[in-house]
Amino acid sequence: MSSSAKDKAKTPEGFTNLKTEAPPKNTVGFGALKAAAIQVNKYMKASDALKLSLKINQKGGFDCPGCAWPDPDDERSAIGEYCENGMKAIAEEAQNKTINRDFFAKYSVDELANFTDFEIGKSGRLAEPMFLPEGATHYQSISWEAAFEKVGSHLNALNNPDEAAFYTSGRTTNEAAFLYQLFVREFGTSNLPDCSNMCHEASGSALTETLGIGKGSVKLDDLYKAEVVMVIGQNPATNHPRMLSALEKCKNNGGKIIAINPLPEAGLIKFTDPQNPIKLLTGGTKLADVFVPITINGDVAFIKAILLKLLEKEEELGNVFDKHFIEEYTSDYNAFVADLKTYNFDECLKASGVSVDIFNQTFDLILNNEKIIVCWAMGLTQHENAVDNIRELVNLLLLKGSIGKEGAGTCPVRGHSNVQGDRTVGIWEAAPQAFLDKIETKYGFKPSAKHGFSVIETIKAMYEKKVKVFFGLGGNFISAVPDTGYSAQGLANCNLTVHVSTKLNRSHLVTGKEALILPCLGRTEKDYQKSGEQVQSVENSMGVVSSTKGILEPCSDDLLSEVAVVCGVAHATLKHKTKVKWLSYKDDYKLVRDDIAEVVSGFEDYNTRLKNPSGFYLPNGARVRKFNTKTGKANFSVNKLPEWKLKDDELIMMTIRSHDQFNTTIYGLDDRYRGVFNERRIIFMNREDMEVRGLKEHQVVNLKSEFKGVKRHANNFKVVGYDIPKNCCATYFPETNVLVPLDSFAHTAKTPASKSVVITVEASV
Ligand SMILES: Nc1nc2c(c(=O)[nH]1)N[C@H]1C(S)=C(S)[C@@H](COP(=O)(O)OP(=O)(O)OC[C@H]3O[C@@H](n4cnc5c(=O)[nH]c(N)nc54)[C@H](O)[C@@H]3O)O[C@H]1N2
Ligand SMILES: Nc1nc2c(c(=O)[nH]1)N[C@H]1C(S)=C(S)[C@@H](COP(=O)(O)OP(=O)(O)OC[C@H]3O[C@@H](n4cnc5c(=O)[nH]c(N)nc54)[C@H](O)[C@@H]3O)O[C@H]1N2
Ligand SMILES: [Mo]
């Protein structure tokens with residue numbers, strides 16, 4: 001009998017031989033060069049590695065499939081804009097092993113589900129389309145045409161288009177993403193959940209409401225010129241390593257850095273640029289001037305404490321706030337101040353878990369400087385009050401007039417390399433009506449005006465059998481989403497699950513009645529179509545659109561580009577009913593860009609401007625103090641302190657990334673910067689919390705979460721004593737996603753609250 005979807009979705013519980021040591025005091029440097037070299041040598045041909053390392057993030061090269069950190073507009077490093085984790089991302093995609101029908105004949109779906117995520121990823125690149133018939137134990141090969149027909153016939157058999165959901169992960173290029181949402185809208189639904197829903201949705205929501213644009217306002221150059229950069233809820237040494245070079249430049253120009261994080265993340269403290277031979281020998285740059293060891297979700301409390309003291313000083317001195325900016329450009333100041341005054345400084349500081357001394361150091365930097373940038377990532381967005389976190393930081397920037405001027409502003413640091421671009425070109429379950437109207441004008445069909453399902457709503461709808469076809473353009477849905485058991489049942493309830501992927505992942509193993517794997521080209525590979533070799537484009541975290549072109553030969557002859565897959569599915573589904581010339585786009589991607597230029601504002605002359613080697617900036621109102629909000633001004637907001645009432649035995653758990661993973665792709669089993677080796681099933685705990693529970697270093701424990709009466713379990717984790725605030729703990733995503741309740745998400749943005757899961761820890765017997 002085949003195992004249940006729930007079992008297949010869980011990561012295997014075995015251990016891999018944990019070793020721990022004190023975390024390093026410095027990051028990157030030689031260690032990073034060595035780690036990248038090991039990974040590349042293990043999995044890639046040396047000649048490919050060299051070619052790729054010379055072209056990564058270079059003008060005319062390919063955009064690194066790692067994170068969305070921008071490249072410098074002008075000078076770029078001669079050896080490619082390089083970073084350890086970028087090289088690992090490439091080694092993962094461009095590995096020299098492929099898997100095809102023989103591999104799937106050898107291993108059943110059940111057997112593959114017993115692989116660890118690390119082993120699944122290392123199986124190799126997917127080399128041909130595969131199909132899992134109803135009741136079958138093994139995937140079998142299928143032709144592209146038959147696969148497209150299969151998708152088309154399932155979609156056309158639905159009672160209405162809202163019974164399908166179309167997920168996107170943020171690696172998809174602008175061209176593929178635009179066509180995909182166009183197909184989905186012509187098919188008749190707005191069900192476009194995407195990884196952004198689990199990522200920076202709260203940033204988009206908070207920034208749109210307060211500043212009129214759901215993106216950050218700063219350029220890379222601003223970071224060099226800032227007087228203070230706050231890095232809050234973000235671990236750049238691991239997740240955006242190239243950001244450390246920008247922070248170093250800021251410091252060299254006299255800027256100060258405040259790092260706010262429950263963990264003393266090594267890269268925030270000291271950094272050695274791997275591309276700077278002198279620094280490699282002489283030791284690195286001290287980055288954080290102040291490290292604030294905040295309690296998990298203590299951010300609103302901490303910012304409020306700063307706001308209260310600023311207000312006090314303003315009332316005393318009269319020159320602390322930027323009054324001209326507040327009068328000229330903002331709205332709701334009085335309501336904000338009136339609400340702020342209802343809070344007590346001591347209570348706020350206590351709730352943040354931060355000492356008076358560290359508060360004072362932080363406060364002095366903010367009080368005495370005018371050019372402030374706030375950088376943040378998942379440490380702020382994955383909480384129930386995530387939108388408040390970001391709005392409260394905007395309040396701070398508004399008081400200081402730190403928006404829309406050089407060296408100041410907002411910097412939500414995006415995750416996937418094109419997650420921002422995907423949203424810009426229409427991957428949005430709640431797209432604005434103006435965008436839908438433009439689609440109607442251009443193509444002559446009326447897109448559904450109803451908001452579609454986001455990730456959480458999609459999961460519920462599948463569970464309740466209201467969505468019957470799940471289609472994923474990239475990503476690894478089952479491992480990325482919360483509440484693994486429930487979500488797995490949702491996928492299993494579908495008639496058909498389809499994944500367009502480069503690599504095998506767990507989502508291919510937790511299937512609907514039938515399932516398809518459609519293998520596609522990756523970023524690093526050349527894309528040949530009828531009109532010749534194709535270029536595509538992406539938008540980075542700072543709103544720069546630039547081209548990307550692969551340089552390796554495809555790893556298999558049987559791969560299609562994402563654009564070709566979307567066109568194939570659209571053609572097979574919509575047939576003669578369509579108003580769009582689906583098959584022409586895949587022959588020449590310039591045609592797609594011509595359409596984007598007509599439909600999406602900011603993309604005028606797209607094809608021409610894309611030829612600029614550094615790309616082009618999209619318009620950004622907040623950058624020039626044009627606030628496209630309901631009031632026409634930048635809005636102050638009123639945010640509540642979250643109320644945490646932990647029982648004695650409870651801890652707040654954040655689910656974070658190790659240094660050796662890209663989301664659900666596990667590069668290796670080490671977390672070098674936290675001194676953890678050869679194991680992922682660990683829980684970082686405060687040593688006093690361990691003592692109270694009688695737990696020893698490396699002891700095996702089981703974790704339990706309880707939310708609104710539902711209990712969830714994750715067994716077999718080893719305890720690692722760590723420098724983390726009391727009552728807080730940390731585990732790796734995706735191993736503990738089983739514990740994240742589906743119903744715990746950010747208000748208005750619906751981002752799963754995977755950084756504040758209440759759990760209990762019990763010794764395993
Ligand atoms: N190599 C690599 N690069 C990546 C990724 C990857 O997995 N690997 N993922 C990509 C993606 S999609 C994304 S979204 C980004 C993710 O980038 P990050 O957001 O940096 O990733 P996380 O590991 O989730 O780290 C969150 C950080 O927030 C801190 N934190 C947690 N809770 C709180 C809190 O309540 N308050 C504060 N102040 N801090 C808190 C954690 O200690 C941790 O340092 O990286 C992108 N880049
Ligand atoms: N508990 C917890 N859960 C989280 C998070 C967390 O911090 N904690 N973070 C959330 C965040 S920020 C995000 S962004 C999501 C990530 O969610 P996803 O984006 O769904 O997950 P990834 O792991 O990035 O997807 C990896 C898969 O993408 C496919 N892939 C890679 N490159 C390409 C490509 O070029 N084209 C195509 N078609 N496929 C490709 C490969 O098959 C690979 O297996 O997870 C979220 N889940
Ligand atoms: Mo993300």
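Predicted model: local features only at pLDDT ≥ 70, side-chain atom pairs only at ≥ 80, totals over all residues.
Local features were considered only at pLDDT of at least 70 and side-chain atom pairs only at pLDDT 80 or more, whereas totals for chains, interfaces and linings use all residues. Residues are numbered from 1 along each chain as its sequence is written, chains are lettered from A and ligands numbered from 1 in the order in which they are written, and side-chain values use heavy atoms, with hydrogens and water left out.

The protein chain is divided into domain 1 (5–25 + 647–763) and domain 2 (201–412), with bounds that come from an automatic or database domain assignment. Taken over C-alpha atoms, the centres of domain 1 and domain 2 are separated by 27 Å. To the contact between them, domain 1 gives 31 residues and domain 2 gives 25 residues, where contact means heavy atoms within 4.5 Å.

Ligand 1 is surrounded by 32 residues, a residue being counted if one of its heavy atoms lies within 4 Å of the molecule; the closest are Asn-261, Glu-265, Asp-299, Gln-661 and Asn-663. Both domain 1 and domain 2 supply at least three residues to this shell, and at least two residues come from each of α12 (236–239), α21 (378–381), β25 (650–656) and β26 (661–662), helices (H or I, at least four residues) and strands (E, at least two) being DSSP runs numbered from the N terminus. By class, the shell around ligand 1 holds 13 nonpolar, 15 polar and four charged residues; Ala, Val, Leu, Ile, Met, Phe, Trp, Tyr, Cys and Pro count as nonpolar, Asp, Glu, Lys and Arg as charged, and the others, Gly among them, as polar.

Polar contacts to the ligands are pairs of N or O atoms within 3.5 Å. For ligand 1, a nitrogen atom is 2.8 Å from a polar backbone atom of Asn-239, while oxygen atoms of the ligand lie 2.7 Å from a polar backbone atom of Asn-663 and 3.4 Å from a backbone N or O atom of Gly-233. Of the 920 Å² of accessible area that ligand 1 has on its own, the protein covers 99%, as computed by the Shrake-Rupley method with a 1.4 Å probe.

Around ligand 2 there are 30 residues, of which Tyr-167, Ser-169, Ala-480, Glu-562 and Thr-664 come nearest, and the shell consists of 10 nonpolar, 15 polar and five charged residues. A nitrogen atom of ligand 2 lies 2.6 Å from a backbone N or O atom of Ala-480, an oxygen atom is 2.8 Å from a polar backbone atom of Lys-503, and a nitrogen atom is 2.9 Å from an N or O atom in the side chain of Thr-655. The protein covers 96% of the 930 Å² of accessible area that ligand 2 has on its own.

Two residues were examined individually. Val-761, in strand β33 (residues 757–763), counts as buried because its relative accessibility is 8%, the cut-off for buried being under 20% relative accessible area (1.4 Å probe, protein chains only). Beyond four places in sequence, Val-761 touches Leu-651, Ile-683, Met-685, Arg-693, Leu-695, Val-701, Asn-702 and Leu-703.

Glu-163 is placed in the loop between α8 (144–156) and β7 (164–168), and is likewise buried, with a relative accessible area of 10%. The side chain of Glu-163 reaches the backbone nitrogen of Asn-159 at 3.0 Å. Apart from neighbours within four places in sequence, Glu-163 is in contact with Leu-158, Lys-466, Val-467, Lys-468 and Val-469.

Terms used. Polar contact = N/O pair within 3.5 Å; in protein donor to acceptor, adjacent residues only side chain to side chain. Buried < 20%, exposed > 50% of the residue type's maximum accessible area, 1.4 Å probe, protein only.
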